[in-house]
Amino acid sequence: MEHLSLVPSANSYSATFGTGITSTETDGGFYRMRADQLVAPSAFTVTWTLNVDDYAELMHFFRYTTNGAIDVFTLMLLL
């Protein structure tokens, strides 16, 4: 797995942690809930402040190293 060495601005990212729970409304109006996944995915929004060289490195990483950001990669975040 590839690692992106550029660290985003610490005050510019947010995390939405997945619960892995699916709920369905029944005919009686109640909700039936169940665990849908063993490991729920989480989403992160990040922002970088980059100079020209760092921007070129970021674009090269996404285009070529991660196959257009399709492949999985790691990133350092300070939560």
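How many helices and strands are there in the chain? There are one helix and six strands, where helices (H or I, at least four residues) and strands (E, at least two) are DSSP runs numbered from the N terminus. Please keep in mind that this is a predicted model, in which local features need pLDDT of at least 70, side-chain atom pairs count only at pLDDT 80 or more, and totals for chains, interfaces and linings use all residues. Residues are numbered from 1 along each chain as its sequence is written, and side-chain values use heavy atoms, with hydrogens and water left out.

**Overall shape**

- Read along the sequence, the elements follow the pattern β-β-β-β-β-α-β.
- The radius of gyration of the chain is 18 Å, well over the 12 Å that the globule rule gives for 79 residues, so the chain is more spread out than a compact globule. This radius is taken over C-alpha atoms, and the globule rule is 2.2 Å times the number of residues to the power 0.38.
- The C-alpha trace spans about 60 × 30 × 15 Å along its principal axes.
- Of the 79 residues, 13% count as buried. Here buried means under 20% relative accessible area, exposed means over 50%, and partly exposed is in between (1.4 Å probe, protein chains only).

- Strand β3 (residues 21-25) and β4 pair in the antiparallel sense over five bridges; two strands pair if DSSP finds at least two bridges between them.
- Is strand β4 largely in the open or largely buried? Of the five residues of β4 (residues 31-35), the number buried is zero, so this strand lies largely in the open.

**The aromatic cluster**

- A pair of aromatic rings is described by the distance of the centres and the angle of the planes.
- Rings of Phe, Tyr and Trp (its six-membered ring) pair if their centres lie within 6.5 Å; planes under 30 degrees apart count as stacked, over 60 as edge-to-face and the rest as tilted.
- A search of the whole structure finds three aromatic pairs. In one of them, the ring centres of Phe61 and Phe62 are 5.9 Å apart with the planes at 75 degrees, so this pair is edge-to-face.
- Phe61 also forms an edge-to-face pair with Phe73, at 5.4 Å centre to centre and 85 degrees between the planes. This pair links distant parts of the chain, with Phe61 in helix α1 (residues 52-65) and Phe73 in strand β6, 12 residues apart.
- Phe61 is buried at 7% relative accessible area and Phe62 is buried at 19%, whereas Phe73 is partly exposed at 27%.

**A nonpolar surface patch**

- Which residues form a nonpolar patch on the surface? They are Val7, Met76 and Leu78, with about 290 Å² of accessible area together.
- Patches are made of residues with over 30% relative accessible area and no salt bridge; like charges are joined within 9 Å, nonpolar side chains (Val, Leu, Ile, Met, Phe, Trp, Tyr) within 5 Å. A salt bridge is a side-chain nitrogen of Lys or Arg within 4 Å of a carboxyl oxygen of Asp or Glu.
- Accessible areas come from the Shrake-Rupley method with a 1.4 Å probe, and for residues only the protein chains shown count as cover.
- Leu78 lies in the segment after β6 (73-75) and is exposed at 58% relative accessibility.
- Met76 is also in the segment after β6 and is partly exposed, with a relative accessible area of 44%.
- Met76 and Val7 are 69 residues apart in sequence and 6.0 Å apart in space, C-alpha to C-alpha.

**Two loop residues**

- Most residues other than glycine have a negative phi. Asn67 has a positive phi of about 55 degrees although it is not a glycine.
- Asn67 is in the loop between α1 and β6 and is partly exposed at 43% relative accessible area.
- Pro41 is in the loop between β4 and β5 (43-45) and counts as exposed at 57% relative accessibility.
- The C-alpha atoms of Pro41 and Thr16 are separated by 9.1 Å, and these residues are 25 residues apart along the chain.
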